[in-house]
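Keep the picture open as you read.

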Amino acid sequence: MQELDRATEILAGARRLVVTTGAGMSKESGIPTFREGPNALWSNYNQEDLATPEGFLRNPPLVWKWYVERRKLMAKVSPHAGHIAIAEMEPLYSEFILLTQNIDNLHRQAGSRNLVELHGNIYRYKCFDNHHPASSVPDTHEVPPRCVCGSYLRPDVVWFGEPLDPDNLDRAFAALESCDVILVVGTSGIVYPAAGFPALAKRAGARVVEVNPEITAVTADADVFIQARAGEALPALVARLRAHRAARKSPG
Ligand code: BV8
């Protein structure tokens with residue numbers, strides 16, 4: 001595929017790489033995305049009811065149970081070859097950061113280290129009123145359970161209308177301003193501020209490589225669009241990059 005070759009050339013010539021991923025990155029691990037097909041996560045409810053503070057306050061048990069179900073599903077699945085390929089890319093670059101919108105912990109499980117979980121992590125909890133962190137869920141019949149301060153516990157994720165962690169955003173924007181390439185995988189490019197990252201990096205002079213089976217809101221900004229699944233394209237890319245590095249080390 002010539003796009004793979006062009007992407008390899010761009011990625012092999014880079015020193016500073018940003019990778020950003022969305023829900024499509026985890027689809028081949030068995031986690032449904034938000035907007036696709038009958039079992040998409042939002043299909044039975046809309047995101048306003050489930051992933052907003054107002055939705056939680058309207059029906060705390062519903063939202064708490066939705067996350068319990070998602071956590072159960074996520075706990076059963078593993079990272080796929082695409083997650084592992086991104087972890088294998090990390091040591092090939094003098095500057096590498098992974099900015100994920102996903103809350104499923106699969107990149108960390110795959111070995112990614114320099115990782116920013118923009119929208120939090122479903123395995124962490126905090127209380128609604130004071131954001132007190134809770135390392136585990138108290139053994140109680142009350143749903144949702146409560147923090148020691150009395151406030152309801154909630155997943156430590158960023159809901160719509162909530163700000164992202166400012167330190168995470170600072171790290172992301174610093175990387176986007178200085179990277180040579182941004183590799184965008186498995187996101188529809190709808191949810192901000194993450195949706196704005198490729199255009200921001202491009203404006204700062206970076207090349208944009210996108211991996212997605214579908215055309216998205218990002219594709220217009222892509223220098224190379226690899227129309228493929230993450231689990232297919234990423235292992236092929238990292239194999240080419242390693243071959244490229246090896247050839248450079250011991251030129252013929
Ligand atoms: C904020 C955690 C400010 C919870 C999530 C109007 C215009 C612009 C912005 C806004 C607006 N109105 C409101 C906003 C802001 C809003 C927003 O962007 N809304 C959208 C809907 C327009 N953003 C926010 O509210 C953010 N906060 O702006 O705060 C602020 C500042 C100060 C004070 C107060 C507030 C917070 C956003 C975070 C929301 N939380 N998740 C949870 O998960 O339960 S969002 C959640 O949905 C995900 O984290 C992710 O970000 C998003 C889903 O998007 P994708 O990951 O792209 O997934 P999607 O299903 O859409 O697409 C999947 C893709 O995968 C597809 O392209 C598909 O083709 C592809 N795919 C499929 N299979 C594969 C594949 N790709 C590769 N391989 C495959 N095999």
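This is a predicted model: local features need pLDDT of at least 70, side-chain atom pairs count only at pLDDT 80 or more; totals for chains, interfaces and linings use all residues.

Helix α1 (residues 2–12) lies across β1 (16–21), β7 (181–185), β8 and β9. The table sets out both helices.

| Helix | Lies across | Angle |
|---|---|---|
| α1 (residues 2–12) | β1, β7, β8, β9 | about 130 degrees to β9 |

Now for the sheet itself. In what order do the 6 strands of the open sheet come? The order is β3-β2-β1-β7-β8-β9, and the pairing is parallel. Strands β3 (115–117) and β9 (224–226) are at the edges with a single partner strand each, so one side of each has no neighbour in the sheet. On average, neighbouring strands are turned by 15 degrees against each other, direction ignored. Val211 has Ile226 in β9 as its bridge partner.

Next, look at a pair of helices. Helix α6 (residues 81–89) packs with helix α10 (residues 230–249) at an angle of about 30 degrees, and their axes are 7 Å apart. This angle makes α6 roughly parallel to α10. The crossing of α6 past α10 is left-handed. Residues that meet here include Ala85 and Ile86 in α6, and Leu234 and Leu237 in α10. Sorted by class, the contact of α6 with α10 has 10 nonpolar, 2 polar and 2 charged residues.

Note on methods:
Residues are numbered from 1 along each chain as its sequence is written. Side-chain values use heavy atoms; hydrogens and water are left out. Axes are lines fitted to C-alpha atoms, for helices over the stretch in contact, and angles run from 0 to 180 degrees between N-to-C directions. Helices (H or I, at least four residues) and strands (E, at least two) are DSSP runs, numbered from the N terminus. Angles under 35 degrees count as roughly parallel, over 145 as roughly antiparallel, 65 to 115 as roughly perpendicular and the rest as oblique. A crossing is left-handed if the near helix is turned anticlockwise from the far one by less than a right angle, and right-handed if clockwise. Contact means heavy atoms within 4.5 Å. Ala, Val, Leu, Ile, Met, Phe, Trp, Tyr, Cys and Pro count as nonpolar, Asp, Glu, Lys and Arg as charged, and the others, Gly among them, as polar. Two strands pair if DSSP finds at least two bridges between them.
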